[in-house]
Amino acid sequence: MKARDTCMTGVKEPLVVDPYYSSSAGSLIPSFTDIVVDGARSVSSPSGAISTMDGYSASYPLRLTLRNAQLDAPATTEQYAAIGVYSTDLTPSGTGVTVTQVSGGGSVASCGFPAFPAL
């Protein structure tokens with residue numbers, strides 16, 4: 001899955017990847033891999049905004065790449081994740097988290113909005 005050139009305005013949780021999205025019981029384990037966020041920007045985030053990037057466990061870690069991701073509220077929480085970074089202001093850390101520099105290109109999304117047309 002790839003998300004590209006996304007501008008988020010006033011978002012309380014800009015990035016959320018969380019396998020604990022439900023309280024349902026079952027035997028299937030959610031495993032999120034090969035996720036790339038490329039060209040994301042958040043602006044005008046409310047106070048207390050935070051991103052969550054969690055894997056299920058050490059055996060089922062999140063595998064995520066953050067490329068050209070600039071968030072005006074860079075607070076994050078992570079666990080059990082292998083995160084590749086390139087041109088980002090996020091500094092992932094936590095239990096079972098590894099961070100590696102990856103190569104990349106491109107740029108952070110711009111948050112320009114077109115003018116409202118005259119009537």
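The legends below describe close-up views of a predicted model.

**View 1. The salt bridge between arginine 67 and aspartate 38**. The side chains of these two residues, arginine 67 and aspartate 38, meet at 3.6 Å, N to O. This contact is the one salt bridge that the structure holds. Arginine 67 belongs to strand S5 (residues 62-71) and aspartate 38 to strand S3 (residues 35-43), so the pair ties together parts that are 29 residues apart in sequence. Aspartate 38 has a relative accessibility of 14% and therefore counts as buried, the limit being under 20%.

**View 2. The stacked pair of tyrosine 20 and tyrosine 56**. Two aromatic pairs are found in a search of the whole structure. One of them joins tyrosine 20 to tyrosine 56, with 5.5 Å centre to centre and 20° between the planes. Tyrosine 20 is placed in the loop between strand S2 (16-17) and S3, while tyrosine 56 is placed in the loop between strand S4 (51-54) and S5; the pair therefore ties together parts that are 36 residues apart in sequence. The relative accessible area of tyrosine 20 is 43%, which makes this residue partly exposed. Tyrosine 56, at 30% relative accessibility, also counts as partly exposed.

**View 3. The edge-to-face pair of tyrosine 56 and tyrosine 60**. Here the ring centres of tyrosine 56 and tyrosine 60 lie 6.4 Å apart, and the angle between the planes is 80°. The pair is classed as edge-to-face because planes over 60 degrees apart are counted in that way. Tyrosine 60 has a relative accessible area of 35% and is partly exposed.

**View 4. The cluster of Tyr20, Tyr56 and Tyr60**. Ring pairs link these three residues, Tyr20, Tyr56 and Tyr60, into a cluster. Tyrosine 56 takes part in the stacked pair with tyrosine 20 and in the edge-to-face pair with tyrosine 60.

**View 5. Threonine 91 and alanine 75**. Threonine 91 is located in the loop between strand S7 (81-88) and strand S8 (97-101). Threonine 91 and alanine 75 are separated by 16 residues in sequence and by 8.5 Å in space, C-alpha to C-alpha.

Note on methods
Residues numbered from 1 in each chain as written. Predicted model: local features only at pLDDT ≥ 70, side-chain atom pairs only at ≥ 80, totals over all residues. Heavy atoms only, no water. Salt bridge = Lys/Arg side-chain N within 4 Å of Asp/Glu carboxyl O. Helix = DSSP H or I, 4+ residues; strand = E, 2+ residues; numbered from the N terminus. Buried < 20%, exposed > 50% of the residue type's maximum accessible area, 1.4 Å probe, protein only. Phe/Tyr/Trp six-rings, centres within 6.5 Å; stacked < 30°, edge-to-face > 60°.
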